[in-house]
Amino acid sequence: MKSAKIIGLGKYLPPKILTNFDLEKMVDTSDEWITTRTGIKERHLAHKNEGASVLAFEASKIAIKNAGIKPADLDLIIVATITPDNQFPSTACHLQNFLKAKKAACFDVSAACAGFIYALTAAWQFIKGGLYKNALVVGSEVMSSITDWSDRSTCVLFGDGAGAVVLTDCPAKEGILSAYLGSDGAEAEMLIVPAGGSRMVATKETVEKKLHTIKMKGNELFKVAVRVMVDAAQKALDGAGLSQKEVSILIPHQANERIINAVAARLEVPANRIYVNIARYGNMSSASTVVALCEAWEEGRIRKDDIVLLDAFGAGLVWGSCAIRWA
Ligand SMILES: CC(C)(COP(=O)(O)OP(=O)(O)OC[C@H]1O[C@@H](n2cnc3c(N)ncnc32)[C@H](O)[C@@H]1OP(=O)(O)O)[C@@H](O)C(=O)NCCC(=O)NCCS
(Lines give C-alpha, C1' and ligand atoms only; values in the text may rest on other atoms or scores of the structure.)
Protein backbone atom coordinates (compact mmCIF):
# COMPACT_ATOMS: atom_id res chain seq x y z
CA MET A 1 0.00 0.00 0.00
CA LYS A 2 1.24 3.49 -0.86
CA SER A 3 0.63 6.88 0.65
CA ALA A 4 1.21 10.45 -0.59
CA LYS A 5 3.57 13.15 0.67
CA ILE A 6 3.79 16.89 0.07
CA ILE A 7 6.90 17.78 -1.95
CA GLY A 8 6.17 21.40 -2.89
CA LEU A 9 4.17 24.33 -1.50
CA GLY A 10 3.27 27.79 -2.79
CA LYS A 11 0.99 30.69 -1.96
CA TYR A 12 -0.26 33.86 -3.57
CA LEU A 13 -1.88 36.84 -1.94
CA PRO A 14 -3.00 39.63 -4.28
CA PRO A 15 -1.06 42.84 -3.48
CA LYS A 16 -4.01 45.10 -2.61
CA ILE A 17 -4.59 45.28 1.17
CA LEU A 18 -7.78 46.43 2.94
CA THR A 19 -7.17 47.30 6.60
CA ASN A 20 -9.65 47.54 9.46
CA PHE A 21 -9.16 51.31 9.29
CA ASP A 22 -10.23 51.27 5.61
CA LEU A 23 -13.35 49.32 6.65
CA GLU A 24 -14.14 51.95 9.32
CA LYS A 25 -14.74 54.34 6.39
CA MET A 26 -17.05 51.87 4.61
CA VAL A 27 -19.35 50.51 7.37
CA ASP A 28 -20.20 51.20 11.03
CA THR A 29 -17.33 49.23 12.55
CA SER A 30 -14.01 49.78 14.31
CA ASP A 31 -10.54 48.31 14.30
CA GLU A 32 -11.06 47.60 18.00
CA TRP A 33 -14.28 45.57 17.40
CA ILE A 34 -12.81 43.55 14.53
CA THR A 35 -9.53 42.86 16.32
CA THR A 36 -11.04 41.78 19.64
CA ARG A 37 -13.86 39.69 18.12
CA THR A 38 -11.90 38.03 15.31
CA GLY A 39 -8.14 38.69 15.47
CA ILE A 40 -8.21 40.13 11.93
CA LYS A 41 -6.25 43.33 11.17
CA GLU A 42 -6.18 43.30 7.36
CA ARG A 43 -7.03 41.19 4.32
CA HIS A 44 -5.88 41.01 0.69
CA LEU A 45 -8.21 41.72 -2.23
CA ALA A 46 -8.01 40.50 -5.82
CA HIS A 47 -8.56 42.91 -8.72
CA LYS A 48 -12.08 43.08 -10.07
CA ASN A 49 -12.67 40.12 -12.41
CA GLU A 50 -9.40 38.44 -11.38
CA GLY A 51 -10.67 34.87 -11.18
CA ALA A 52 -9.78 32.21 -8.64
CA SER A 53 -7.82 30.48 -11.42
CA VAL A 54 -5.41 33.42 -11.68
CA LEU A 55 -4.61 33.31 -7.94
CA ALA A 56 -4.38 29.51 -8.16
CA PHE A 57 -1.93 29.79 -11.08
CA GLU A 58 0.46 32.06 -9.15
CA ALA A 59 0.47 29.76 -6.09
CA SER A 60 0.77 26.61 -8.23
CA LYS A 61 3.81 27.84 -10.20
CA ILE A 62 5.70 28.22 -6.91
CA ALA A 63 4.55 24.84 -5.53
CA ILE A 64 5.52 23.03 -8.75
CA LYS A 65 8.93 24.75 -8.82
CA ASN A 66 9.55 23.82 -5.16
CA ALA A 67 8.55 20.23 -5.91
CA GLY A 68 11.18 20.04 -8.66
CA ILE A 69 8.73 18.63 -11.20
CA LYS A 70 7.25 19.98 -14.44
CA PRO A 71 3.54 20.75 -15.04
CA ALA A 72 3.61 17.96 -17.63
CA ASP A 73 4.35 15.49 -14.80
CA LEU A 74 1.01 16.21 -13.09
CA ASP A 75 -1.57 13.43 -13.32
CA LEU A 76 -4.27 15.22 -11.35
CA ILE A 77 -5.30 18.80 -10.50
CA ILE A 78 -7.95 19.46 -7.85
CA VAL A 79 -8.99 23.01 -7.00
CA ALA A 80 -11.01 23.59 -3.84
CA THR A 81 -13.08 26.74 -4.27
CA ILE A 82 -16.48 28.27 -3.58
CA THR A 83 -15.68 31.25 -5.81
CA PRO A 84 -14.95 29.48 -9.11
CA ASP A 85 -14.24 31.48 -12.27
CA ASN A 86 -17.45 30.09 -13.83
CA GLN A 87 -20.28 27.73 -12.91
CA PHE A 88 -18.54 25.55 -15.46
CA PRO A 89 -15.99 24.63 -16.71
CA SER A 90 -14.09 23.96 -13.51
CA THR A 91 -11.45 26.33 -12.20
CA ALA A 92 -9.11 23.31 -12.23
CA CYS A 93 -9.51 23.12 -16.04
CA HIS A 94 -8.66 26.83 -16.39
CA LEU A 95 -5.62 26.25 -14.18
CA GLN A 96 -4.55 23.26 -16.25
CA ASN A 97 -4.66 25.46 -19.35
CA PHE A 98 -2.51 28.18 -17.72
CA LEU A 99 0.01 25.59 -16.52
CA LYS A 100 -0.05 23.56 -19.76
CA ALA A 101 -0.37 20.46 -17.59
CA LYS A 102 -1.79 18.49 -20.49
CA LYS A 103 -1.74 15.04 -18.88
CA ALA A 104 -3.73 16.00 -15.78
CA ALA A 105 -7.32 15.04 -14.97
CA CYS A 106 -9.00 18.13 -13.48
CA PHE A 107 -11.94 18.88 -11.23
CA ASP A 108 -13.10 21.26 -8.50
CA VAL A 109 -14.17 20.45 -4.96
CA SER A 110 -16.90 22.50 -3.25
CA ALA A 111 -16.48 22.09 0.50
CA ALA A 112 -16.17 25.74 1.53
CA CYS A 113 -13.57 26.40 4.24
CA ALA A 114 -12.85 22.67 4.62
CA GLY A 115 -12.31 22.46 0.84
CA PHE A 116 -8.54 22.07 0.94
CA ILE A 117 -8.72 19.17 3.41
CA TYR A 118 -11.43 17.51 1.29
CA ALA A 119 -9.38 17.97 -1.89
CA LEU A 120 -6.16 16.79 -0.22
CA THR A 121 -7.94 13.67 1.03
CA ALA A 122 -9.34 12.95 -2.45
CA ALA A 123 -5.90 13.33 -4.08
CA TRP A 124 -4.33 11.16 -1.35
CA GLN A 125 -6.84 8.41 -2.10
CA PHE A 126 -6.19 8.58 -5.87
CA ILE A 127 -2.45 8.21 -5.23
CA LYS A 128 -2.86 5.59 -2.51
CA GLY A 129 -5.01 3.51 -4.83
CA GLY A 130 -2.31 3.63 -7.50
CA LEU A 131 -4.27 5.48 -10.20
CA TYR A 132 -2.05 8.58 -10.15
CA LYS A 133 1.49 9.48 -9.04
CA ASN A 134 1.66 13.31 -8.96
CA ALA A 135 -1.20 15.62 -7.95
CA LEU A 136 -1.58 19.38 -7.55
CA VAL A 137 -4.05 20.38 -4.83
CA VAL A 138 -5.07 24.03 -4.58
CA GLY A 139 -7.31 26.16 -2.39
CA SER A 140 -8.16 29.41 -4.16
CA GLU A 141 -10.78 32.01 -3.30
CA VAL A 142 -11.91 35.45 -4.36
CA MET A 143 -14.22 35.92 -1.37
CA SER A 144 -14.51 39.63 -2.20
CA SER A 145 -16.63 38.62 -5.23
CA ILE A 146 -19.40 37.24 -2.95
CA THR A 147 -19.08 39.78 -0.12
CA ASP A 148 -21.81 42.33 0.67
CA TRP A 149 -19.66 45.37 1.36
CA SER A 150 -22.55 47.08 3.17
CA ASP A 151 -23.01 44.23 5.72
CA ARG A 152 -20.65 44.86 8.64
CA SER A 153 -21.38 41.43 10.16
CA THR A 154 -19.68 39.64 7.25
CA CYS A 155 -17.58 42.07 5.17
CA VAL A 156 -14.94 42.46 7.87
CA LEU A 157 -14.26 38.71 8.00
CA PHE A 158 -13.14 37.56 4.56
CA GLY A 159 -10.16 37.93 2.24
CA ASP A 160 -8.77 36.65 -1.07
CA GLY A 161 -5.81 34.33 -1.68
CA ALA A 162 -4.56 30.95 -2.86
CA GLY A 163 -2.29 28.15 -1.71
CA ALA A 164 -1.09 25.04 -3.50
CA VAL A 165 0.70 21.78 -2.73
CA VAL A 166 2.21 19.08 -4.94
CA LEU A 167 1.69 15.51 -3.74
CA THR A 168 3.59 12.47 -4.90
CA ASP A 169 3.47 8.82 -3.97
CA CYS A 170 5.54 7.46 -1.08
CA PRO A 171 5.63 4.33 1.09
CA ALA A 172 2.72 3.75 3.49
CA LYS A 173 3.10 5.30 6.99
CA GLU A 174 4.87 8.34 5.46
CA GLY A 175 3.26 11.60 4.36
CA ILE A 176 -0.51 11.67 4.91
CA LEU A 177 -1.33 9.24 7.72
CA SER A 178 -5.07 9.69 8.13
CA ALA A 179 -8.01 11.92 7.33
CA TYR A 180 -11.48 12.39 8.72
CA LEU A 181 -14.26 14.24 6.85
CA GLY A 182 -17.73 15.10 8.16
CA SER A 183 -20.83 16.95 6.92
CA ASP A 184 -24.29 18.07 8.08
CA GLY A 185 -26.49 19.36 5.25
CA ALA A 186 -29.32 20.08 7.69
CA GLU A 187 -27.41 23.23 8.72
CA ALA A 188 -26.94 24.59 5.19
CA GLU A 189 -28.76 27.85 5.97
CA MET A 190 -26.23 28.82 8.63
CA LEU A 191 -23.79 30.01 5.97
CA ILE A 192 -24.97 30.32 2.40
CA VAL A 193 -25.00 32.34 -0.81
CA PRO A 194 -28.72 31.98 -1.55
CA ALA A 195 -28.99 33.09 -5.19
CA GLY A 196 -27.17 32.51 -8.44
CA GLY A 197 -27.58 28.74 -8.61
CA SER A 198 -30.37 26.59 -10.03
CA ARG A 199 -32.52 26.82 -6.89
CA MET A 200 -32.75 30.62 -7.06
CA VAL A 201 -31.53 31.80 -10.44
CA ALA A 202 -29.92 35.22 -10.66
CA THR A 203 -32.43 37.97 -11.54
CA LYS A 204 -32.45 41.75 -11.26
CA GLU A 205 -34.33 41.33 -7.95
CA THR A 206 -31.87 38.84 -6.45
CA VAL A 207 -29.00 41.14 -7.32
CA GLU A 208 -30.80 44.17 -5.86
CA LYS A 209 -31.43 42.23 -2.64
CA LYS A 210 -27.77 41.12 -2.64
CA LEU A 211 -28.78 37.47 -2.44
CA HIS A 212 -25.67 36.49 -4.40
CA THR A 213 -23.54 37.42 -1.37
CA ILE A 214 -22.66 35.63 1.89
CA LYS A 215 -25.45 35.30 4.49
CA MET A 216 -24.24 34.01 7.85
CA LYS A 217 -25.52 33.23 11.35
CA GLY A 218 -22.20 33.97 12.97
CA ASN A 219 -23.08 33.26 16.58
CA GLU A 220 -24.55 29.81 15.89
CA LEU A 221 -21.65 28.90 13.63
CA PHE A 222 -19.13 29.81 16.29
CA LYS A 223 -20.44 27.17 18.70
CA VAL A 224 -20.68 24.42 16.07
CA ALA A 225 -17.23 25.25 14.72
CA VAL A 226 -15.41 24.57 17.97
CA ARG A 227 -17.25 21.27 18.56
CA VAL A 228 -16.76 19.82 15.06
CA MET A 229 -13.14 20.94 14.72
CA VAL A 230 -12.23 19.26 18.01
CA ASP A 231 -14.12 16.11 17.00
CA ALA A 232 -12.51 15.98 13.54
CA ALA A 233 -9.01 16.48 14.94
CA GLN A 234 -9.48 13.74 17.51
CA LYS A 235 -10.81 11.33 14.88
CA ALA A 236 -7.91 12.07 12.50
CA LEU A 237 -5.43 11.50 15.33
CA ASP A 238 -7.18 8.26 16.32
CA GLY A 239 -7.02 7.13 12.67
CA ALA A 240 -3.26 7.64 12.69
CA GLY A 241 -2.81 6.06 16.13
CA LEU A 242 -1.49 9.34 17.54
CA SER A 243 -2.25 11.37 20.66
CA GLN A 244 -2.64 15.16 20.92
CA LYS A 245 0.75 15.32 22.66
CA GLU A 246 2.45 14.09 19.48
CA VAL A 247 1.16 16.99 17.35
CA SER A 248 4.16 19.12 16.35
CA ILE A 249 2.01 21.85 14.79
CA LEU A 250 -1.73 22.41 14.51
CA ILE A 251 -2.73 24.26 11.34
CA PRO A 252 -6.36 25.28 11.83
CA HIS A 253 -8.76 27.02 9.48
CA GLN A 254 -8.41 30.76 10.07
CA ALA A 255 -12.01 31.96 10.57
CA ASN A 256 -11.72 33.55 14.01
CA GLU A 257 -8.82 33.66 16.46
CA ARG A 258 -11.22 32.93 19.33
CA ILE A 259 -12.38 29.73 17.58
CA ILE A 260 -8.75 28.69 17.04
CA ASN A 261 -7.88 29.30 20.70
CA ALA A 262 -10.96 27.40 21.93
CA VAL A 263 -10.13 24.41 19.68
CA ALA A 264 -6.47 24.39 20.75
CA ALA A 265 -7.43 24.62 24.44
CA ARG A 266 -9.80 21.64 24.17
CA LEU A 267 -7.21 19.64 22.25
CA GLU A 268 -4.60 20.71 24.83
CA VAL A 269 -2.22 21.93 22.13
CA PRO A 270 -0.09 24.78 23.57
CA ALA A 271 0.04 28.17 21.84
CA ASN A 272 3.60 27.64 20.56
CA ARG A 273 2.37 24.64 18.52
CA ILE A 274 -0.48 26.41 16.70
CA TYR A 275 -0.05 28.36 13.47
CA VAL A 276 -2.12 31.54 13.28
CA ASN A 277 -1.95 34.12 10.46
CA ILE A 278 -5.55 35.38 10.50
CA ALA A 279 -4.44 38.93 11.41
CA ARG A 280 -2.94 39.42 7.94
CA TYR A 281 -5.45 37.62 5.74
CA GLY A 282 -8.87 37.14 7.37
CA ASN A 283 -10.88 34.10 6.37
CA MET A 284 -9.89 32.98 2.83
CA SER A 285 -12.16 29.92 2.97
CA SER A 286 -10.49 26.97 1.21
CA ALA A 287 -7.23 28.93 0.84
CA SER A 288 -6.80 29.59 4.58
CA THR A 289 -5.52 26.19 5.70
CA VAL A 290 -3.16 25.71 2.77
CA VAL A 291 -1.73 29.24 2.96
CA ALA A 292 -1.15 28.71 6.70
CA LEU A 293 0.55 25.36 5.97
CA CYS A 294 2.74 26.99 3.32
CA GLU A 295 3.76 29.85 5.63
CA ALA A 296 4.51 27.55 8.56
CA TRP A 297 6.78 25.57 6.22
CA GLU A 298 8.41 28.74 4.79
CA GLU A 299 9.14 29.94 8.34
CA GLY A 300 10.91 26.67 9.19
CA ARG A 301 8.26 25.67 11.71
CA ILE A 302 7.77 22.26 10.04
CA ARG A 303 10.66 19.79 9.97
CA LYS A 304 11.11 16.24 8.74
CA ASP A 305 9.14 13.67 10.78
CA ASP A 306 6.99 16.39 12.43
CA ILE A 307 3.31 15.55 12.90
CA VAL A 308 1.25 18.25 11.18
CA LEU A 309 -2.47 18.35 11.95
CA LEU A 310 -4.77 20.25 9.54
CA ASP A 311 -8.24 21.04 10.89
CA ALA A 312 -11.12 23.01 9.30
CA PHE A 313 -14.88 23.59 9.16
CA GLY A 314 -17.13 25.55 6.85
CA ALA A 315 -20.43 26.05 5.06
CA GLY A 316 -22.38 22.92 4.32
CA LEU A 317 -21.80 22.36 7.09
CA VAL A 318 -18.57 20.47 6.49
CA TRP A 319 -15.51 19.75 8.57
CA GLY A 320 -12.33 17.73 8.28
CA SER A 321 -8.90 17.01 9.66
CA CYS A 322 -5.79 15.42 8.28
CA ALA A 323 -2.70 14.08 10.08
CA ILE A 324 0.58 14.23 8.16
CA ARG A 325 4.06 12.93 9.01
CA TRP A 326 6.27 15.46 7.23
CA ALA A 327 8.57 13.71 4.78
C1 LIG B 1 -19.10 36.81 13.33
C2 LIG B 1 -18.51 36.90 14.71
C3 LIG B 1 -17.11 37.51 14.65
C4 LIG B 1 -19.39 37.85 15.55
O5 LIG B 1 -18.87 37.94 16.85
P6 LIG B 1 -19.87 37.85 18.08
O7 LIG B 1 -19.08 38.08 19.31
O8 LIG B 1 -20.60 36.54 17.95
O9 LIG B 1 -20.80 39.08 17.82
P10 LIG B 1 -22.40 39.10 17.69
O11 LIG B 1 -22.81 38.47 16.42
O12 LIG B 1 -22.96 38.56 18.98
O13 LIG B 1 -22.66 40.64 17.59
C14 LIG B 1 -22.46 41.47 18.70
C15 LIG B 1 -22.79 42.88 18.30
O16 LIG B 1 -21.78 43.37 17.41
C17 LIG B 1 -22.40 43.94 16.28
N18 LIG B 1 -21.52 43.78 15.12
C19 LIG B 1 -21.51 42.79 14.21
N20 LIG B 1 -20.53 43.02 13.32
C21 LIG B 1 -19.92 44.16 13.68
C22 LIG B 1 -18.84 44.89 13.17
N23 LIG B 1 -18.17 44.51 12.07
N24 LIG B 1 -18.47 46.02 13.82
C25 LIG B 1 -19.12 46.43 14.92
N26 LIG B 1 -20.15 45.77 15.45
C27 LIG B 1 -20.54 44.65 14.84
C28 LIG B 1 -23.71 43.20 16.14
O29 LIG B 1 -24.64 43.98 15.40
C30 LIG B 1 -24.12 43.02 17.57
O31 LIG B 1 -24.71 44.21 18.02
P32 LIG B 1 -25.99 44.19 19.00
O33 LIG B 1 -25.50 43.49 20.24
O34 LIG B 1 -26.28 45.62 19.19
O35 LIG B 1 -27.02 43.41 18.27
C36 LIG B 1 -18.45 35.52 15.40
O37 LIG B 1 -19.77 35.10 15.73
C38 LIG B 1 -17.83 34.48 14.53
O39 LIG B 1 -16.67 34.54 14.19
N40 LIG B 1 -18.60 33.45 14.15
C41 LIG B 1 -18.14 32.39 13.31
C42 LIG B 1 -18.17 32.86 11.90
C43 LIG B 1 -17.37 31.98 10.99
O44 LIG B 1 -16.49 31.32 11.44
N45 LIG B 1 -17.70 32.04 9.70
C46 LIG B 1 -16.97 31.34 8.71
C47 LIG B 1 -17.18 29.89 8.75
S48 LIG B 1 -15.93 29.11 7.86
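The model I am presenting is a predicted one.

Around the ligand there are 23 residues, and those that come nearest are Thr29, Arg37, Arg152, Asn219 and Asn256. I shall describe the contacts of three of these side chains. In the side chain of Thr29, an N or O atom is 2.7 Å from a nitrogen atom of the ligand. Arg37 places a polar side-chain atom 2.8 Å from an oxygen atom of the ligand. For Asn219, the distance from an N or O atom of the side chain to a ligand oxygen atom is 2.9 Å.

Let me now turn to the overall division of the protein. There are two domains: domain 1 covers residues 2-173, and domain 2 covers residues 177-325. Between them, 51 residues of domain 1 and 50 residues of domain 2 take part in the contact. The C-alpha centres of the two domains are 14 Å apart.

How much area do domain 1 and domain 2 bury between them? The figure is about 3,800 Å², with 67% of it on carbon and sulfur atoms. On the side of domain 1, Cys113, Ile117 and Tyr118 together supply 18% of the area buried against domain 2, which is more than any other three residues.

The polar part of this interface can be counted as well. There are 20 residue pairs in polar contact between domain 1 and domain 2, both members being at pLDDT 80 or more. Several elements give two or more residues to the side of domain 1 that touches domain 2, among them β1 (2-12), α2 (31-38), β6 (134-142) and β7 (160-171). Which element gives the most to that side? It is α5, with seven residues. Sorted by class, the side of domain 1 that touches domain 2 comprises 22 nonpolar, 19 polar and 10 charged residues.

I come next to the salt bridges. Side chains of opposite charge can pair when their charged atoms come close. The count for the model is 13 salt bridges, and the count between domain 1 and domain 2 is three. Lys11 deserves a mention here. The side chain of Lys11 forms a salt bridge with that of Glu295, at 3.2 Å from N to O. Lys11 also meets Glu298 in a salt bridge, at 2.8 Å from N to O. Because Lys11 lies in strand β1 and Glu298 in helix α11 (residues 286-298), this pair ties together parts that are 287 residues apart in sequence.

Finally, a few points on backbone geometry. Most residues other than glycine have a negative phi, and most peptide bonds are trans. Where do we find cis peptide bonds in this model? One joins Phe88 and Pro89, with omega at about -5°. Pro89 sits in the loop between β4 (76-80) and α4 (91-99). Another runs from Gly316 to Leu317, with omega near -10°. Leu317 belongs to the loop between β12 (307-314) and β13 (318-325). As for phi, Lys210 is not a glycine, yet has a positive value of about 60°. Lys210 is placed in the loop between α7 (204-208) and β10 (215-216).

How values were computed: Residues are numbered from 1 along each chain as its sequence is written. This is a predicted model: local features need pLDDT of at least 70, side-chain atom pairs count only at pLDDT 80 or more; totals for chains, interfaces and linings use all residues. Side-chain values use heavy atoms; hydrogens and water are left out. Domain bounds come from an automatic or database domain assignment. Contact means heavy atoms within 4.5 Å. Buried area is the accessible area (1.4 Å probe) that two parts lose on being put together, summed over both. A salt bridge is a side-chain nitrogen of Lys or Arg within 4 Å of a carboxyl oxygen of Asp or Glu. A polar contact is a pair of N or O atoms within 3.5 Å; within protein, one must be able to donate a hydrogen and the other to accept it, and residues adjacent in sequence count only if both atoms are side-chain atoms. Helices (H or I, at least four residues) and strands (E, at least two) are DSSP runs, numbered from the N terminus. Ala, Val, Leu, Ile, Met, Phe, Trp, Tyr, Cys and Pro count as nonpolar, Asp, Glu, Lys and Arg as charged, and the others, Gly among them, as polar. A residue is near a molecule or strand if one of its heavy atoms lies within 4 Å of it.
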